[in-house]
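Here are my notes on the model, as numbered points. Please read them with the structure open.

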Amino acid sequence: MKNLLELGRLLSPINWGKDRADLGKVELEFLEAVTFAPADDIIRMLETVLDEDYAGLPIWARNLAYRLACLQRPNDSSLLREAAADLFNHGPDWDRIAAELRKRADAAEE
């Protein structure tokens, strides 16, 4: 099984040409890996993959990764703000959730 970082990179559309036959398998492996990954691994994957290609990680994968990391670190204000900024960048559907994350970050800093 590939590690979370490898799987995150494989989800990038740049890695998929006309042959997308194995994409479903990669998506399932990513779901399993991110579901059971510790927050440090999730954050490292997000930082690396988004730095390499900001639009490369599908929105559903970033949302899930940030959500799982935030659940593991509910008082990590910088993580909450980063997740909120990412949601705002892909809104407006998630603007309400992003605003709530910012409020949680503010409360964690008090």
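**Notes on the predicted model**

1. Start with the pocket lining. By class, the lining of the largest pocket has six nonpolar, one polar and five charged residues. Here Ala, Val, Leu, Ile, Met, Phe, Trp, Tyr, Cys and Pro count as nonpolar, Asp, Glu, Lys and Arg as charged, and the others, Gly among them, as polar. The lining residues are R62, N63, Y66, R67, C70, A83, D86, L87, I97, E100, L101 and R104. Two or more of them come from each of α4 (59-72), α5 (77-89) and α6 (95-109). Helix α4 gives the largest share, five residues. Helices are DSSP runs (H or I, at least four residues), numbered from the N terminus.

2. On provenance: this is a predicted model, in which local features need pLDDT of at least 70, side-chain atom pairs count only at pLDDT 80 or more, and totals for chains, interfaces and linings use all residues. Residues are numbered from 1 along each chain as its sequence is written, and side-chain values use heavy atoms, with hydrogens and water left out.

3. How much space lies in the largest pocket? About 210 Å³. The search runs on a 1 Å grid over the protein atoms alone; a pocket is an open set of points where a 1.4 Å probe fits, with protein on both sides within 12 Å along at least five of seven lines. Lining residues have an atom within 4 Å of a point. Grid points are joined across faces, edges and corners, and the volume is the space filled by probe spheres set on the points.

4. Two of the lining residues, D86 and R62, deserve a look. Their side chains meet in a salt bridge, 2.7 Å from N to O. The pair links distant parts of the chain: D86 sits in helix α5 and R62 in helix α4, 24 residues apart. Are these partners buried or exposed? D86 is buried, at 4% relative accessible area. R62 is buried too, at 1%. Buried means under 20% relative accessible area, exposed over 50%, and partly exposed in between (1.4 Å probe, protein chains only). A further check on R62: its C-alpha atom is 9.8 Å from that of I42, 20 residues away along the chain.

5. The salt-bridge count comes to nine. The rule asks for a side-chain nitrogen of Lys or Arg within 4 Å of a carboxyl oxygen of Asp or Glu. One of the bridges joins E52 and R9 (2.6 Å, N to O). It also spans the chain: E52 is in helix α3 (residues 39-52), R9 in helix α1 (residues 4-10), 43 residues apart. E52 is partly exposed, at 48% relative accessibility. R9 is partly exposed as well, at 34%.

6. D41 pairs with R44, the closest N and O atoms being 3.0 Å apart. Both residues lie in α3, three residues apart, about one turn of the helix. D41 is partly exposed at 31%, and R44 is partly exposed at 47%.

7. Now the surface. L28, L31 and W60 form a nonpolar patch with about 280 Å² of accessible area together. Patch members have over 30% relative accessible area and no salt bridge; like charges are joined within 9 Å, nonpolar side chains (Val, Leu, Ile, Met, Phe, Trp, Tyr) within 5 Å. Areas come from the Shrake-Rupley method with a 1.4 Å probe; for residues, only the protein chains shown count as cover. L28 lies in helix α2 (residues 23-36). L28 is exposed, with a relative accessible area of 59%.

8. P13, in the loop between α1 and α2, is partly exposed at 47%. P13 and E82 are 69 residues apart in sequence and 23 Å apart in space, C-alpha to C-alpha. E82 belongs to helix α5 and is partly exposed at 31%.

9. Last, G24. This residue is in helix α2 and is partly exposed at 34% relative accessibility. G24 and L11 are 13 residues apart in sequence, with their C-alpha atoms 9.8 Å apart.
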